[in-house]
Amino acid sequence: MKIALLILHIIGAFAQDPQVEKDLNGATTPTTAETGQQTSHPPEEGESSGLGLITAVLDTSREDVIAAVKDAGANALAEALDDYAKPTTFDPLMDANDGFTVFAPSDDAVLGLSGQMADVLEYHISAHPVDPSGDFPQIVETAYNSPGLKGDPQVVIVESDNGDLTVNGQPVSQAGDGKKAIESNRVAWIHNIDKALELPEDPAAVANNNYDLSEFAAALASARLASKLKDALGITIFAPNNDAFEDFDLGDGDLSDILEYHIIEGVLYSTDIEAKVVETLEGNSITITTENDGVQVNGVNVISTNILTANGVMHVIERVLNPDDETEEATEDNRRQLLHDNGTNFLSSRQIFVPWTFLIWFYMRFPRNFSG
């Protein structure tokens, strides 16, 4: 048993070398077991590496993508995927039997890429087939697993305006027509875009780069929350726009508490939002309602949705929320709407109080009936 384990360790050590693996005759060939890349000297028919099934699946996924991208004329992207893609980049495609999608930047855009090359490339690939004739908006998971999302896939937002697609707000210059990939016969949707997609940044940076959220960004800096939010994992922010801060009076409130009252744990994209009460980072709860095809937070309208961050999503609201000045009337209205959205008769929740109210009135009206 120990000898068998030792042999496995030796084989594994050679398999981890991205350049070569030793065969039993001492010859060397580029490895596919670890890299998933097509070898320049593939095994002869009938030969087996012991991991042949896994290698074949990985190779098929890789070849599918690169061949489909080349066929769409995105040669620079095809070369970049071949040169820089990580061994795990194509793993999500192994079960993508319905097809896959690649958002293919122009050759100039790809040649201008720098920095986290492998991560950026993964952000352009999805195991989800984005058919232009489908329903939109779509929250599309990519092959890039974001540390800020606890390792879950980062998404792109795909929308359509009378058939004209956009991805993260960028127009798709030429939508793919769903050609079948050469290697596996799966449908490949290759959508051409002029610029490369950028990985979402931390919340403070996103707010600072959004012209309508500059006051919110300044408030985060003033409250020294920028670093805290950058390190947070999987959050949703309801960010007041600039007009909201013009009408806001801090008074004796604590700015940090007020801002944290706008943030909840968990990522809620627009397609995930439903009526509910949810606790904020500040500790108090906010009430999310859906009415007239819109979304409200404590009765305040959400006016823009799905601004992506490295660790979640941001939605824009038109007023600053304050846990200290939310009126009882507003809270009651929110609760009434929430109960209505959940199919509950609001009055039924008050029926238990009717007998007590009646007894108090009766006691005040006829005190003698309660005397000894």
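Tutor: Start with a pocket. Strand 6 (153-161) and strand 16 (300-309) each supply at least two residues of the lining of the second largest pocket. The model is predicted, local features need pLDDT of at least 70, side-chain atom pairs need 80 or more, and totals for chains, interfaces and linings use all residues. Numbering starts from 1 along each chain as its sequence is written, and side-chain values use heavy atoms, without hydrogens or water.

Student: What makes a space a pocket, and what makes a residue part of the lining?

Tutor: On a 1 Å grid over the protein atoms alone, a pocket is an open set of points where a 1.4 Å probe fits, with protein on both sides within 12 Å along at least five of seven lines. A lining residue has an atom within 4 Å of a point. Here 20 residues pass that test. Asn168, Gly169, Glu198, Ile307 and Leu308 lie nearest the centre.

Student: Which strand gives the most to this lining?

Tutor: Strand 16, with five residues. By class, the lining has nine nonpolar, eight polar and three charged residues. Asp, Glu, Lys and Arg count as charged; Ala, Val, Leu, Ile, Met, Phe, Trp, Tyr, Cys and Pro as nonpolar; the others, Gly among them, as polar.

Student: How do you know that strand 7 and strand 8 pair?

Tutor: A strand is a DSSP run of E, at least two residues, and a helix is a run of H or I, at least four, both numbered from the N terminus. Two strands pair if DSSP finds at least two bridges between them. Strand 7 (residues 164-167) and strand 8 (residues 170-174) have two bridges, antiparallel. The pair therefore meets the cut-off. Val167 has Gln170 as its bridge partner in strand 8. The two strands form a hairpin with two residues between them, and Asn168 in the turn has a positive phi of about 50°.

Student: What else pairs with strand 8?

Tutor: Strand 10 (residues 187-193) does, antiparallel, over two bridges.

Student: Why is His124 called buried?

Tutor: Buried means under 20% relative accessible area, exposed over 50%, and partly exposed in between (1.4 Å probe, protein chains only). His124 has 3%, so it is buried. Leu197, at 4%, is also buried.

Student: How do you know that His124 and Leu197 make a polar contact?

Tutor: The cut-off is two N or O atoms within 3.5 Å; within protein, one must be able to donate a hydrogen and the other to accept it, and sequence neighbours count only if both atoms are side-chain atoms. A polar atom of the His124 side chain lies 2.9 Å from the backbone nitrogen of Leu197. That distance is within the limit, so the pair qualifies. His124 sits in the loop between helix 5 (117-122) and strand 4 (125-126). Leu197 sits in the loop between strand 10 and helix 6 (203-208).

Student: Are Asn292 and Asp293 buried or exposed?

Tutor: Asn292 has 72%, so it is exposed. Asp293 has 88%, so it too counts as exposed. Neither is a glycine, yet phi is positive: about 55° for Asn292 and about 60° for Asp293.

Student: How many bridges join strand 14 and strand 15?

Tutor: Four, in the antiparallel sense, between residues 285-291 and residues 294-297. Ile288 is paired with Val297 of strand 15.
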